Structures are given as structure tokens and as C-alpha cells.
Amino acid sequence: MPGKLKVKIVAGRHLPVMDRASDLTDAFVEVKFGNTTFKTDVYHKSLNPQWNSEWFKFEVDDEDLQDEPLQITVLDHDTYSANDAIGKVYIDIDPLLYSEAATVISGWFPIYDTIHGIRGEINVVVKVDLFNDLNRFRQSSCGVKFFCTTSIPKCYRAVIIHGFVEELVVNEDPEYQWIDRIRTPRASNEARQRLISLMSGELQRKIGLKVLEMRGNAVVGYLQCFDLEGESGLVVRAIGTACTLDKLSSTAAFLPACNSPSKEMKESPLVHPPSHGCRSTHNSPIHTATGSRLTQNFSVSVPTLIYTGMGSGSAGKEGGPFKALLRQQTQSALEQREFPFFTLTAFPPGFLVHVGGVVSARSVKLLDRIHNPDEPETRDAWWAEIRQEIKSHAKALGCHAVVGYSESTSICEEVCILSASGTAAVLNPRFLQDGTVEGCLEQRLEENLPAGCGFCHIPYDELNMPFPAHLTYCYSCRKQKVPDVLFTTIDLPADATVIGKGCLIQARLCRLKKKAQAEANATAISNLLPFMEYEVHTQLMNKLKLKGMNALFGLRIQITVGENMLMGLASATGVYLTALPTPGGIQIAGKTPNDGSYEQHISHMQKKINDTIAKNKELYEINPPEIPEEIIGSPIPEPRQRSRLLRSQSESSDEVIELDLSHGKKDAFVLEIDDTDAMEDVHSLLTDVPPPSGFYSCNTEIMPGINNWTSEIQMFTSVRVSRLSNINLTNQTLNKNFNDLCENLLKSLYFKLRSMIPCCLCHVNFTVSLPEDELIQVTVTAVAITFDKHQAVQTTKTQVEKSSQRASIDNEELLQFPLELCTDTLASHPFSSAKATSIDYSSFADRCNSWIELIKLKAQTIRRGSIKTTMPVEKASPLTEGHFRQRSAPACANSTVGVVKMTPLSFIPGAKITKYLGIINMFFIRETTSLREEGGVSGFLHAFIAEVFAMVRAHVAALGGNAVVSYIMKQCVFMENPNKNQAQCLINVSGDAVIFVRESELEIISTQQPIASCQPACSGGEIAT
Amino acid sequence: MTNELDIFVGNTTLIDEDVYRLWLDGYSVSDAVGLRVRSGILEQTGATAGVLQSDTMDHYRTFHMLERLLHTPPKLLHQLVFQIPPSRQALLIERYYAFDEAFVREVLGKKLSKGTKKDLDNISAKTGVTLKSCRRQFDNFKRVFKVVEEMRGSLAGNIQQHFLLSDRLARDYAAVVFFANNRFETGKKKLQYLTFGDLAFCAELMIQNWTPGAVADSQLDDMDVDLDKEFLQDLKELKVLVADKDLLDLHKSLVCTALRGKLSVFAEMEANFKNLSRGLVNIASKLTHTKDVRDLFVDLVEKFIEPCRSDRWPLNDVRLFLNQYSASVHSLDGFRHQTLWDRYMVTLRSCLLRMYHD
């Protein structure tokens, strides 16, 4: 009996009136876990019952503890008829199963009913006593930590990053069981909610087992999704990255742990030797039989960056031989894995060496042909195929690993499109070997790898390029080749140097298709897909050029299938990477050059495009330095450094004009206008309106070029469903409609959040679905963060501050610290050189120099293993002082309900996460048969989403947390039937519950007493004592 | 292409103060959009009418959902569905319970019943306040009334505790409740010149001095809503001041002696003294009848304010007179109800002075 679950029902409040006669309720509670049920006494005639029950104790296997949710049902006692259910609370007790997370779940939970929504609240206390069980063959995986965050969580250190884990479970969908015809909608919804909860638990347990098998202790970047396949079943699948994480404790921070270089090496994340690689349990042979005969597979890789690789042009350079060695090592380590995939999008410094480009694969399947729908084999095989394809694409790009990896599906009736995408990459070999031997090699490599441009260098062979591309010498280091454009699915690496700010770039596309059945339908879709991929890609490229930028991060292409159309929506964040060449302009060429008026029209368009590019450059502050052609190719470190200083200070319009001229000289991107379609495309290019002034948007974690965030954040979800007018649907009108829908949605967001200006919408996540023939549903979740405008002007200064601040924030994170300092000191060199070259900034540089001294000092002290100097540095920072001032104003202490922040980002600006309490993964169904009375579809969904937020917050608060990070709404399936006055919606959300402490409070706490408000285990308080 | 569904949900509930005001004022979504367009918001933000429409709809929906909670403000504080900062919660409540001067003057002293509710469209037409807004204000009055009607303790305190209103607004509501409970007539034409402020001032004084709660030792019946029955009964004793001719003459001579040369309207005062005194004392002695309680303000205006006003008494003279008039009673040897007189006159004097304007 490896575990004892203890539950206490304390009280209820705001219960609904269940007895019309007395206007009161006789409530009691059923507590169910597995097959055991306890009941409280009936608390008569009250809407605020005080049960104060005894401790209900469940003695259970830890396998059940992981799979089963705790189910609490509140009922109204009725002497003469059946007891009426008021509502339910499902509590996932997983966070209680590992020692570093929550120790108790205690708080007010909304009582939820799938028909009526939230009906009052119930106060519950839950505890778990775990007995150690060392059974080798156990089925449970208690103790494995799960994180949605797609980077190494703050306050942890990656010892080893093992690699990809995946799992998939299938069950019959209760909605499609025969019994559904005779049971109530409520019973059916609850069966579904419970089933998905159970399946999620099982999935998590199985993934945990795989992690244990790999000797890991955590899953990072855990992404769980469910596919409603209809008749053929309900699939819950998950992917993640197995890691061995170490909690950064304050004691460790004080130990002179990183004294010796070899020790330091050990602190770095290692890609673990592949002795226990990840193996899928359902590694069955691919079913070629009956059902999945029609596998219209194809895939399109979108490699946008070409690589010199070793031995070619760069062979003579110092890095060459080491690189070759590096490659061999990486190769051998990674190739033995089935899938060298990583769901992470941000990495420990030094982990990512080169980025090859985006790789993606799609495949169309027919669900009604699954041979044995209740078993996961077929789906496992499908995904294995796709992953294999991704792997080979990555190989074609000279890469051995795929980072920023994700998988998705789109289902319409019996057709299902499976998609996977990621970024082909080369990982650092020193993470593959044990440190000591490699010491000197590592050192030299470190010197050779220039900070902030290495990842741009091509990983493939220049002479053997997988596709045609323009290569130039890196604009930063001048030693290696870089492509002209770079597309990736990851976040912008922390050490990457960019010019100006980034922006959200979207490609939107619709294609009509004929309604068809089965094979014919699947074939039609398969035939359309490559064209869509191509067009999405072209659109992205055009828009990127139009913005005057040269790289895309966080690229996510979603293809959605409907009855009579396909939709493609790609979102990414465009930036200007200093390492890549200045993008050429867009040149329009007509096919019929004879016509004079046509020529005129073309030139008019050309002018408009050029104007737009110039305007965008100004808007996003993209003013890279002019580099004389002849210098290109020869290694000159100086210009880059000067440029980094210049860019923030000099924004004269002259320079912008000069840059414009440079477009002409470069190879321009030629757009041929040969028919009206192409004309439309050019028009649509120009219709994208930039956000109003004071607004920026991106779909990555943070906006490149902005780093002075204030603590004001607002997470939101916005949903729009549009009905297409039935008449004369053409691809063009469809495209225009879809484009307008997205643009208007963005405009609405900007308007709604105007009080937060200057502000940036971060992690903007669009999802498109086609719930019915003429309906398009677009769901957006993002977070708006206000930033400090005044500090934004002095970009360079803030950068130094940021680095110093970051250094102090992360001061216990031994792993990242030394490495980060290296880059920081490197980055700050420009100031010292600036002092010599430009007198204008001397006073400024002086100030910076003192900063640099501090940083250097700190770097040295850190290397010696002491961190004492950090706090004074932070205190001296004007930025922190600013924060301090602002924060004193909104004192929310008198609120009865604790504020819980929610954000799709992995961090909270101006705050430090001191503890991860566990994963939040919740699934809700809401249904109504009185749609009009609830305010129509908008009223219904608005209320439901607000309720979902409330339930997430309540669970986090009960775990003792005050925020959810890496929050994501994975699914929002909405169905309506206005004629019947009915609607139904399914929502699946997840995130990491955390405790955060404001940086200012952290200081106060630390100066007063070690640990005040934060949990005993948190390290935050002890730093400065 | 039309948007069938269009929503925005923030983790922190977005509240737009301007839209909230429009909603409270009872404008329909399209009217509100029109008003917002006219405010020049489109030019300021570069938004389109469609965006404004969607934004307004969204806010209206939010307010509609919040309205249920606003009916019992403590629930707004404890609910979990809408995460709203405390300062915003306070603003929502305060604005929701705020009322229009024009509206309250129409309803003040009326029974808060279905009958009155049916009259709301007339009131709306008369005051220019939208019917929706009238309903909200009326329902607020009624809701507050129902909750505190039977409660012990300070009326304003109870209101503040149960509706989380500001001190000022809670006291205004106390006046509304007090008027509604005692059904004081305030609608007569000759009372139209009185503002809600005047009447609320009087109500507050009456609550302080004339209710059972005003007397320290009457713990048993600490009610602020009703007038103190015993006190009203006792007021009959004051009648002797005008019924006893000697006493009346003596009172008059005391007042006249003290005020000679100090009043610009001395002659008029001297001539009118007995009428005025009779008026004030008779009002007191009749307060046992509910009908006369209701007419209290009418009587005060008719019996005292109008005569003075027609003789063009300056406010200062009225003050001097009332002070002397109340004080002189203490020198009347034969009169034994000094405390009673003071309890009556202190309040009445302040009320009359407040009500004495054009």
C-alpha cells in the first residue's frame, strides 16, 4: 500500500438555492477516489454549509494516485426523491506526489457543473502520505516532475538533457457509446471529463516511466493534446523532453562548487550518452494492412538556411577540425537515439551550436480505416513515420537533432492531418562527453565560437547544399558562412544580437476544396497541401522582406482541414539578426512589358513597396551599419562592435535613406506578376497594417529589442467565429475574409489594451478551426506586458543593466552563470572601444565602464565561487529602483481573493520564480440547452472561458501558488446549434503552477530575514544573508 | 462575413470606465457606440467602428455578468470568476449604486413598491434619465431598503457594511431608506425647490435625534428607520407653549426683548411671532398621526418658511430668531419639558435653516 490520500471537506459558500420552498439547500459531499466513496453529513438549510468533516482516508497504489483524479461531488439531499447534484470538483493530486512541489492542496474550489457552470465554492484540504517503494518493476512513476515550460525551469539546473519522450493512449469516446443515447447530457459530459482526466494521468505516468528508464527525473516542454476522432475514439498524446534536473538550492550557491574547470563542466547540461535511449513502448511494426492503406504521405521541408559544413570553404579556419570532431561526437551520440528531438525552445547557453532551418512533415490519414481503433498501435505507427521523416529532413540539412519540436493534428470527419515541425540543429559536443578529457578542446572551441552569431552559421556542406541559397560570410565574425534568411521554430537565443525590434509576421491562406468522401477527399487534401506550404512560405518570405528583416523565430504553421476548404495560418516573429546579410528589397516584374499603363502600375506598386519597407525599417528601428562591399569576406571584428553602439543612438533619417538605396544594390527578391492572382498577393502584402504606435507584438517569449518590462501583465483569450457568406466563394474572397478576420482581431486587441501602452503582446498564439461548413473560428491567447518607454530609448545602456540584472537574478544558477557572464563581458566590450572612437558618448561610456567593471568583478568573484557582490549591484541599478517605486502603488493586500497571475511565458517580468508546484492540466466541458437565455453564443463562451480561468486560478491558489506560467489553451472546441438553442464547448488548458516573489520584495525579505513568505524549500530569500 | 461570436476574456477583467458609465446610464449598445464615436475615440486611437462595436459589446456582456454580483457587493469580493483589483471593485460598486439627483427627487418618500415601479416610465420621461437607468436606481433603493429595513444598529453603518459603499453614498442611502420608510411627502410643488441634499441633511438629523436609536438607554429597540413613537407621543406636551396664553406672551416678550435691534425684520417678526410659534408647536403635537408625519415637510414650508420668505427675512435673521426662540423656552418657569423641547427644536432648527432658500 504505497500511499495514503487524506481529504477533508471544510465548508461551502455561495451555493445555489436547490429548494425553492425554503430558498435554501441541504448540501452534503461525496468524496470519491478510485472505487472508494465517502460522504459527509448533510448540512441542513444553508447556502454556506460548514461540514468540517473528519479526514477521509484512501489507501491506494501509487499507480492509481497518478492516474485517478480526486472527485468531489456536492449534492442536495432530498428525502423523497433522488438527490440532486449541484456540481463537481476534480482535483489532480499529482503535484503532491513529488517532494519538491506542493505539500498540501488547500483552498476554495469552484463547484463546477457542465450544464450550469460554476455554482458556489467548496473548501477542501488534501494531503498524501507516500511510502517508499523500491520495486524495480513498478508501474508508477511518482517523483518525475513535469513542466510545460519549454526551457530549463528557473531555479533548476539541467544536469543531463536525455531527449525525446512520447506516449499515446486511446479510448472509446463516451459521447459515441451506445449508452449516450439514453443518458443525460450531464452524465455524458462528466463521463468524458473523467475519462480524459484518467487518460491524462495514465499518459503522464507512462511518460514518467520512460523518463525513469532513461534515468531522468523530469520532463520539460511537456505538451499534451487530445484528438477527438469521433467514432474511432479519443486519443490523448503527449511529447516532452526528458531531463535530469537539479534543484538550485541556496546552499549549493554558497559552496565553491565551480572552482575547478572540470567541475564547471559537470554543471553544464549533458546530452546523455545513448545507452538508454528513448524507446517507445508501442514500438510495433508499422501497420501496412487493411485500414491505413491510404496513407497519402508527403512532407515538405522548409529549409531556409544553408550550411558550409566542415571541410569546405571554412576548412582552413581554426574551428574546422574541432568542428569535425564535434560533429562526429554529436552524431554518434544522437544517431543511436530513435528520435533526437527536443521540445525545448530555449536552451542553456552553449547547448545550441548551429541551426539548419525549419523541418516539417505532414501526413493525411483516414480515421475510419483504422484496423483496431481501440489500440494505439496504428496511431503510434503514423507518428513514427512522421518523426522518421522529420529526422531524415534534419539529416539532409546536416543536422543531427531537432529542437523546438512540436506535433499537431487537424481532424474533419474521418480525415486527419498529422503535422510535426521543428528546427534542425547541431548541438554542442561538449555536452555529449564527460568533461575532463575534453577540457582543452572545449576551451579552444569556446574561443572560436563567436558569441551571438554561431548558431546562424550553416551546419551543412556548402558544396553539397540541399537546396539553392545565397551564402555570405557571417556579418558578425566574418569567418563562417551564413544564409541570407533563417527560419526557426525556437525562441531567439539569449546571446543572439539583433538590430531594432521584432514583429509578429503572419501568413494566412485559404484553399477551397470539393466536398468528397474517404479516399477521394484525402487525395484532394494531399494534393493541396504542398501548394499551401509553398504559398505560406512565399507569403512569410515576402512579409519578412517587407519588414526589412532577415530571420523568423517561433515559426508555427497550422493547417486546418474543413468540409470544403483548407486553411493555413503561419505565425512567427521577424527580427533582424546582425549576423545575417541585409535583406534585399522586393522587386516587381510584370510579364507583359509592352503595355505602358501596366508598366506605370507596376512602378507605382514598386514605389509603394519600397516606401513600406522604408517605413517599417523606421518603425522597427532597423538601421544596420553600412558595410563597404569590399570588407565583406575578410574578418574584421571592429565594425560589428561599433555598430552595436551606434544603432541605439543614431536614428537620423539620412541613414535610413542610405539604407534604402542599398536595397537596389543587393539581390532583390523578385515577385513576378503574371496574373491577377499574383496581383492580389501583392495587394494583400500591403494591406497588413502595422500595430498602432506604442504597440509591438511577437509570438516568441519576449520581444527582441525590448527588455525593460514592468510588472504589469494581462493575459487574455479572444475568440471569434465568422460565418462566410455562401455566395460565390472563391479562393480570393476566402483569403480576403480570413485576412480581415485576423487583422480585425488584432486591431480589436490593440484597442482593448490601449491603456497599457507602451506595451507588447508577447507569445501571441493564433489557432484556427473550421467547426462547420461556413464557419471559421480563430482563437488567440497572448499576454500584454507594459514596458518602460523612457528606458527603451537607451537600448545599449539597458542591455548592460539587463545583463547585470540577469546575472544577479540567476546568481544561484551556477550552470548558466559563468557562461552568461562570458557573453556579457564580451558584449560589453564595445563600450570600452567606444570610448576611444567616439567622444560624444564618453560620459555615457564612463558610466557603462563602471558597470562593466562591476560585471567583470562579479565574473571573477563568481568564478571563484562567491556571490556576495551581487546584491549591492542590483540595489544600485536604477531599473530596480524604478520597479520599486511602481510596485508600492498597487497594494492588493486587502483583497479577500488572492491574485493569481497567468501568462503564456515561462517567466514573470520583475519577479523571480522561487518554486514550481506542479503541472496544471485541466479539461472542461460546458453545455447549454438555453443558449439564448445565456446571452447567445458570445455570452455562453465568454462565461465559460472566464470560469475556466477561475478554476485554474483556484487550483493554483490551493497549491499555494500565485501564478501560472507557460499557460496554454490547447483546445477550444466550440459547437452550436442555435435552432435547438444548444451549444457545447470543450476546453483544455495547461501550465505550470509557481510561486513568484517580486524582485523588490525579495530584497526586502533578504535584508530582513531569510525566509518570510516563501516556502521553506525556496532558495530566494537566503541569497544575501 | 459576419462575426457570429466575438469575445475577449482577460485574466484580469478589463473595465472601461467610460463604457461602464454608458451602460449604467442605460444606453443600448448601438447608442453607446454612437456616443463613443462622437467622443472622438476613433480619431484618438485610429480604430474602426467595427472595433468599437465589438469592444462595446464585450464590455456590456461583462457588465451584464457582473450585475448579478453587484446586487450583493460582498459576493463581488469573494467570487472567483472575475479577477478584479480591489480599487476597481470599489469603483464598480460605487458607480453602480450612485443615483441621479433628478431621479431621486422623484422617488424620495414614495413607497418602493410595484406601483411606483410602474410609474418609472413617467419619471424617465420627466427627468430625461433612461428607463433602464431608472429601473436600476429604483431596484437599488428597494434592495438596500429590504436588507436594512429590519436591522438594528446604525442605518448608514448597516448599509455600508452590506453594500460596501463609501461613507458619503451610504449616508445618502440612509436618507433614501428613511424617507421611503416614513413616506415623507416631498413631491408637492411647493417642495420642489428643495434639493436631495437638503432633504438628506434633514433625514440625517432626524435619524440622529428622533429615532429610538438616538436615545442611549433604549438598547432594546435600536432602530434607525422609524421615528421614536414615544418621543412623538411626548411631543403633545409641547402644546402648552401655545395653548397657555400667558406662556405664549411671555415667550414672545423674551424673544422680542432679546432680538430688539438685531433683526432687520423685527417688526414683521413681532407681528408674526404667535403665528410662527403656533405653527412649529402644532407640527410637533400632530406628529402622532401618520398622515401628519408624511406632511412634515409640507407643513414646515407652509407654516414657517413661506411666511418668513414672504416677509423677506434674511437667512441670518431666521437663524437669530430660531436660536432665540428655542433658547428662551428655558427661561419659561412654568414649562417643564425642556429636554423634550431641545430634542425637537435642535433638529427642527437645523432643518429649517437648511431648507430656507429660494
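User: Why does B:R168 count as partly exposed?

Analyst: Its relative accessibility is 45%. Buried means under 20% relative accessible area, exposed over 50%, and partly exposed in between (1.4 Å probe, protein chains only). The value of 45% falls in between, so B:R168 is partly exposed. This is a predicted model: local features need pLDDT of at least 70, side-chain atom pairs count only at pLDDT 80 or more, and totals for chains, interfaces and linings use all residues. Side-chain values use heavy atoms, without hydrogens and water; residues are numbered from 1 along each chain as its sequence is written, with chains lettered from A and ligands numbered from 1 in the order in which they are written.

User: What makes the contact of B:D172 and B:R168 a salt bridge?

Analyst: The rule asks for a side-chain nitrogen of Lys or Arg within 4 Å of a carboxyl oxygen of Asp or Glu. Here the N to O distance is 2.9 Å, so the pair qualifies. Both residues lie in helix α12 (residues 167-182) of chain B, four residues apart, about one turn of the helix. Helices (H or I, at least four residues) and strands (E, at least two) are DSSP runs, numbered from the N terminus. B:D172 is buried, at 13% relative accessible area.

User: How do you know that A:R754 and B:D16 join two chains?

Analyst: A:R754 and B:D16 form a salt bridge, with the closest N and O atoms 3.1 Å apart. A:R754 lies in the loop between α13 (731-752) and β28 of chain A, and B:D16 in the loop between β1 (2-10) and α1 (17-24) of chain B, so the pair joins two chains. B:D16 is buried at 11%, while A:R754 is partly exposed at 24%.

User: Why is strand β29 of chain A called largely enclosed?

Analyst: 13 of the 13 residues of this strand (residues 775-787) are buried, so the rest of the structure largely encloses it. Both faces are covered: A:L775 and A:V783 are among the buried residues on one side, A:I776 and A:A784 among those on the other.

User: What makes β27 and β28 of chain A pairing partners of β29(A)?

Analyst: Two strands pair if DSSP finds at least two bridges between them. Twelve bridges join β27 (residues 709-723) to β29(A), antiparallel. Ten join β28 (residues 759-772) to β29(A), also antiparallel. Both counts meet the cut-off, so both strands pair with β29(A). A:I713 stands opposite A:I785. β28(A) and β29(A) form a hairpin with two residues between them.
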